Structure formats: structure tokens, C-alpha cells
Amino acid sequence: MFILTQAYDLRYSLFVMRSSNVMPPLPGHEFVTSNGIKTRIALRSTYVLAFAVIALSGCSVGPRYKQPITKLQPYHNAPAIESRTTMLPAPSLDKWWTGFNDPALTKIVERALSQNLDLAASFTLVQQARAVAQEAGAQRMPDINIEGDSTASRASLDSPTGRLAPEFPGAFQRNSNYLDLGIGATWETDIFGSLRRGAEAANAEAQAAEEERLGTRVSVAAEAADAYMQIRGAQVRLAFAKQQISTDEHLRSLVSQRKNAGVASDRELAQAEALLAQARSTVPQLNIIFEAQLNRLDVLMGAQPGTYATELKVPLDIPTLPNIANTLDASDLIRRRPDIVAAERRIAASNARIGQAIAEYYPKISLAALLGTEAISPGDLFRERAFQPAAVASLRWRLFDFGRVDAEVKQARGANAEALVQYRSSVLRATEDVEDAFNALAQSESRRDELAREISSLQRAKDLSEQSYKAGVIPLTDVLDADRQLLVAKDDLASTREDAARAAVSSFRALGGGWTP
């Protein structure tokens, strides 16, 4: 039977059925239905078609996937990082936060990884993607179902049949029961791999979702460590700010006393008051940073702001920085960065979608079988006379669809090209992150060393000023001014140390640290 549908699909169905009122055929023999049609040839054709389908079911169309080959040049900032002299060795990238040798930092990062809501949401996305992949794989398997029903009816005596009942005594039964039980199976043979390619794409997309979850893990660990570094930096700078305020208050008091004695001018007093106001103005800004980062940490740890703030109220110094890595190989970035791996999996998925689209050019063959019984009483339901098997082999071919398959293939190829470009872009962005983080770390530590030398010089200047003051050579205001300059330099050093610590965290993040490949 050939049917040309409105969608211009070519369909062919070979249907073989044995009704429940005929004898079952013997193996190798034909059986005859009530209308006398021989079905031996049709049955054999169905078997031949089924065996041919099974033999060809391993075929698939579409391009074979080839993983993109990316060659990266060595990091041009790597020598500056490899030449660093640090007190702490390079930690494992899997748990890089333990390399800072700070128990509070380790506790915060691990708590964030176990309680962060974004990370929990990413895990649900992975579960959804895995479910989609499982469903796509199940579509390749036969669909088996069992059905049963029981129907009881009572005929009307005013119906045409009921009115003829008196003319045929015993032939008309007003009450009747009908029982039907059957088990059926349908299977799309997927000769040209449409379902297989769909399952392949779904599996690759599930793998990409898993990599994106790992990317979220990398970000959460780095965000928690970054907030911690800013909190410790704010605490150190607040301590210097309080010392600066105390020094400037003392300076203003001395200038005021000298003005009252007629030694200092109004300009000198105004300058001392301005210095004091400047020192006091830094405290609110540092408190803003301190409070914001405490709230940020609480949210990262899946808690309302203020929940864990008391744990960090006691000021501590900024952690000592470890070495980043013993060897820095740019090729490891492709393996370690989850966003790069996810982008590569998107290419694999889009490549499989091309094959899925191309498979629409070819016919689809489905097989169906039914084993059922029909009877009017439960006792007859499992007798041979009630047995009625059926088999169906169908073919569907989209011969004329006005270019829809062509458009689907072009769309799939375009998506694959887009995925490839996005992969290359993710590689470049990853290398950019590494270079920026390495440069920031190297420059921050270089500035830190210069500031340390400046503080050493200012400390000597302060000591000499105190000696001169004790000898009566200079006034006390000169000593306090030297002390103020020293505190300003120390605050600048604390800020630079914080920047270096944050750059170290960014370096571990850029390298894809925070998970086990």
C-alpha cells in the first residue's frame, strides 16, 4: 500500500494479522484467513525486512567527530611567576587554597563549596541534562506496553437489530461481555542513525553541563578566597588608619598649643586639622569594603548576610602567598579549564546534530508486533482460538518537503561552526585570564618589594627624627610628620599585599584550579 500524504511523505506499510477465529499456521506452511487470502509470502517478506533492518541498524550518516587540535604558545608572563621566591611551596591545583596555610581560609572555601546555592543549581542542571540523554538513548530501544480492557453492554430492543430479534430466536443476545488483552512492541530501526546521533548529541550536552558545573565550582572557590583576602586587607588597613588618626590627633594638639603660644600660625593649624580629617575619612570607606565582603562571603556560603560575620571579626594578617606552580605548561589549560572542555563538548554535540539532520534525507523503517487475545469470557481468554497476533513493518520517506531537510542541515552545520568559533574564543579568553593574573601578581609583588624598601627608609628617617628631637635640634611636629609618612606607606603596602593575594587567587582560578580532572 502506497500513500502520498499532504506533506509529500512516502509511506509503505506491510501489515500481517491473524484474527482470533483461524487456526495458527504451522512452521513453513501458509495459513488462510476467512476471506481465503494466502499470507505466507507477506509473512516471509516481513521477516526478511526485519532481518535486513537489524543487519543495517549499525549504520549512521553524518560527519565523524574530530576533536579540535589547539596548540598554545608558552605564557609570556610565566618566567616572572616561575622566578618568584616564596616561603610556601606550590599547592596542588585541585585544592590550591590549602597552599596559603590559613585554616580560616580553608574552612571558608570548603564551606562555600558544600553550601553554595549556585553550585547546587548547577548540579540540578546536570541532572536535567543527564535525564535528557537517558531519554534520547531510550528512544533507540523498543517500546513495549501491555493493554487490557473489559466491556459490558446491553443492547436496545428498539434498535434495528433488537427489532429483528423475535424473528431469530436464540441468535440475539441482549447482554454481552467483551475481554481484550494484549502486549505490543514498536521499534524504530534507526538504520541511518537519526536516533543514534540524537543520543550522541544529548550525551555530549550532558557532559558539557557537567563541565559547566565544575566551572561554577572553580568560580565559587575563587570568589570565596577573593572575599577573604579583601576582608583581611581591610582589617590590616583599618588598624593602620586608627594609628594614623591617633598620630594626627597628637599632631593637631601640638600645633594648637604652639598657636596659642604664638609660635605656630593659623595655616599650620588648618593643615594639621586637614590631615586629621583625611585620616578619619578613610575609615568609613574601609568599613564599607569590610562589611560588603563579609556579606559576600555569607551569600557564597548559602547563608543570610551576617550569619558567619562573627567568625572573622578578630583581625588577622593577609595570608602568605605560595608558589603558583612548579612548571607552567600552557597545553594543560585545555585539560584543566572546565569552560574550554564544555565548549569542546558543545562542538561534539553540534557535530552529532548534523548527522541527525542528514538522516532525514533517508527512509525511516519501523517494526511493530502485537500478541493479544479476544474473548467473551475470562475462561476463553487464554485459549488458542482467542489468540490473534499481528505484525507491521512501515516505511516513511520525506521525498518532497520543499527544502525543509536542507534547511535543517544548514542550520545544524551553522550551529557547529558557531560552536567551533566559541571554543576558539574560550581558549583565547582563558589564556588572557592567565596572562592578566600572572602580570598582576608579578607587578603587585614588585611594587610590594619597593614599598618595603620605602618603609625601611621612612623608618630610619623617623628614628633619626626622634634622635634629633631628643637633642633639641627639631620640634616634635617634625617627628610626628615622619611618623605619619611611615603609616601612610604601611597602609599602601597593606593594600598592595592585598592586591598580590587577590592576583594569586586569580592565577589559580585562571589555571582552572579547584577540581580534580
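# Briefing: Salt Bridges, Cavities and a Surface Patch

Asp481 has a relative accessible area of 26% and is therefore partly exposed (buried means under 20%, exposed over 50%, and partly exposed in between, with a 1.4 Å probe and protein chains only). The model is predicted: local features need pLDDT of at least 70, side-chain atom pairs count only at pLDDT 80 or more, and totals for chains, interfaces and linings use all residues. Residues are numbered from 1 along each chain as its sequence is written, and side-chain values use heavy atoms, with hydrogens and water left out. The structure holds 30 salt bridges, and a search of the whole of it finds 2 cavities of 30 Å³ or more.

**Salt bridges**

- Side chains of opposite charge can pair when their charged atoms come close. A salt bridge is counted here when a side-chain nitrogen of Lys or Arg is within 4 Å of a carboxyl oxygen of Asp or Glu.
- Asp481 and Arg484 form a salt bridge through their side chains, with an N to O distance of 3.0 Å. The two residues are 3 apart in helix 11, so about one helical turn separates them. Helices (H or I, at least four residues) and strands (E, at least two) are DSSP runs, numbered from the N terminus.
- Asp492 is joined to Arg447 by a salt bridge whose closest N and O atoms are 2.9 Å apart. This pair connects distant parts of the chain, with Asp492 in helix 11 (residues 476–510) and Arg447 in helix 10 (residues 404–470), 45 residues apart.
- Both partners are partly exposed: Asp492 has a relative accessibility of 26%, and Arg447 has one of 41%.
- Asp94 and Arg336 also meet through their side chains in a salt bridge, at 3.3 Å from N to O. Here too distant parts of the chain are linked: Asp94 lies in the loop between helix 2 and helix 3, Arg336 lies in helix 8 (residues 332–336), and 242 residues separate them.
- Asp94 counts as partly exposed because its relative accessibility is 22%, while Arg336, at 6%, counts as buried.
- A network of salt bridges links Glu188, Glu360, Lys364, Arg398, Asp401 and Glu408.

**Cavities**

- On a 1 Å grid over the protein atoms alone, a cavity is a set of points where a 1.4 Å probe fits but cannot get out, and its lining residues have an atom within 4 Å of a point. Grid points are joined across faces, edges and corners, and the volume is the space filled by probe spheres set on the points.
- The volume of the largest cavity is about 70 Å³. Its lining is made by Glu188, Thr189, Asp190, Ile191, Phe192, Gly193, Ser194, Ala359, Pro363, Lys364 and Ile365.
- This lining comprises 5 nonpolar, 3 polar and 3 charged residues. In this classification, Ala, Val, Leu, Ile, Met, Phe, Trp, Tyr, Cys and Pro are nonpolar, Asp, Glu, Lys and Arg are charged, and the others, including Gly, are polar.
- Glu188 and Lys364, which belong to this lining, are also members of the salt-bridge network.
- The second largest cavity has a volume of about 40 Å³. It is lined by Ile108, Arg111, Leu294, Leu297, Asp298, Met301, Tyr308, Ala309, Glu311 and Leu312.
- At least two residues of this second lining come from each of helix 3 and helix 7 (266–300). Helix 7 gives the largest share, 3 residues.
- The lining of the second largest cavity has 7 nonpolar and 3 charged residues, and no polar ones.

**Surface patch**

- Ile144, Ile146, Ile183 and Leu371 make a nonpolar surface patch of about 420 Å². Patch residues have over 30% relative accessible area and no salt bridge; like charges are joined within 9 Å, and nonpolar side chains (Val, Leu, Ile, Met, Phe, Trp, Tyr) within 5 Å. Accessible areas come from the Shrake-Rupley method with a 1.4 Å probe, and for residues only the protein chains shown count as cover.
- Ile183, one of the patch residues, belongs to strand 4 (residues 175–188). Its relative accessibility is 40%, so Ile183 counts as partly exposed.

**Contacts across the sequence**

- Lys95 is located in the loop between helix 2 (78–82) and helix 3 (103–115). Lys95 and Gly514 are 419 residues apart in sequence, yet 5.4 Å separates them in space, C-alpha to C-alpha. With a relative accessible area of 45%, Lys95 is partly exposed.
- Ala204 belongs to helix 6 (residues 194–260) and counts as buried because its relative accessibility is 3%. From Ala204 to Ala133 the separation is 71 residues in sequence and 8.5 Å in space, C-alpha to C-alpha.

Methods: On a 1 Å grid over the protein atoms alone, a cavity is a set of points where a 1.4 Å probe fits but cannot get out, and a pocket is an open set with protein on both sides within 12 Å along at least five of seven lines; lining residues have an atom within 4 Å of a point.
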